[in-house]
Amino acid sequence: MLSLCAIPAIAQQCNGQVISTPDGMREVQDDALLKTALGEPGKGSLCTAKVFEVQQPVRLFRVYNAAQPASLYGRWWSLQVPVGPRAQYAAENAICPEWSPLNAAATCTLKPGVRVVIGPGQSAQCASGEVLPASATNQVYVANDARVQKTLVDNCSEPLVWP
């Protein structure tokens, strides 16, 4: 197990702020959902965040592993169109290489009434030993769980090879 002392101090600090309320959403209180999206330094997830409820359909973007089609319905999304190169995108979003090869992209729409968590990424300790610092890039946590057919997005585009 990695000790917090082994993680550089810079990776223990949040780097960025939660964006202002996105179009089509409103901020709400949901401590349980917030807790699921926040992570400790070195473990990924979000560093700081707010919960929002979708008021009208909102388009999201996802980069994922094409070899695992169900990973299209994963939990980590973006409000912004993803741009490469792949290594830059991974660094900007604190994504360890073992989590995904980031080789496919798609867009989906959040359903009205869905609650999501948005905030900058937490630092991550990768299997290689590399520590990715906390990211200023805001990510969207969607509580999808494809293993039990729980998807909170719909109207997904056909997957594209990415980047």
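Which residue of E11 is the bridge partner of Ala 105? I started my notes with that one, and the model I had open is a predicted one.

**Entry 1: the partners of E5.** I looked up Ala 105 and found Leu 160 as its bridge partner in E11. E11 covers residues 160-161, and I saw that it pairs with E5 in the antiparallel sense over 2 bridges. Next I turned to E3, residues 58-64, which is joined to E5 by 7 bridges, again antiparallel. Within that pairing, Tyr 64 has Ala 104 of E5 as its bridge partner. I then checked E10, residues 153-154, and noted 2 bridges to E5 with the strands running antiparallel.

**Entry 2: buried or exposed?** I went along E5, residues 104-110, and found 7 of the 7 residues buried, so the strand is largely enclosed by the rest of the structure. I also sorted the residues by direction: Ala 104, Ala 106, Cys 108 and Leu 110 point one way, while Ala 105, Thr 107 and Thr 109 point the other way.

**Entry 3: a look at Thr 109.** I picked this residue from E5. What does Thr 109 touch, leaving aside its neighbours within four places in sequence? I listed Pro 57, Val 58 and Arg 59, together with Leu 152, Val 153, Asp 154 and Asn 155.

Methods:
Residues are numbered from 1 along each chain as its sequence is written. This is a predicted model: local features need pLDDT of at least 70, side-chain atom pairs count only at pLDDT 80 or more; totals for chains, interfaces and linings use all residues. Side-chain values use heavy atoms; hydrogens and water are left out. Buried means under 20% relative accessible area, exposed over 50%, partly exposed in between (1.4 Å probe, protein chains only). Helices (H or I, at least four residues) and strands (E, at least two) are DSSP runs, numbered from the N terminus. Two strands pair if DSSP finds at least two bridges between them. Contact means heavy atoms within 4.5 Å.
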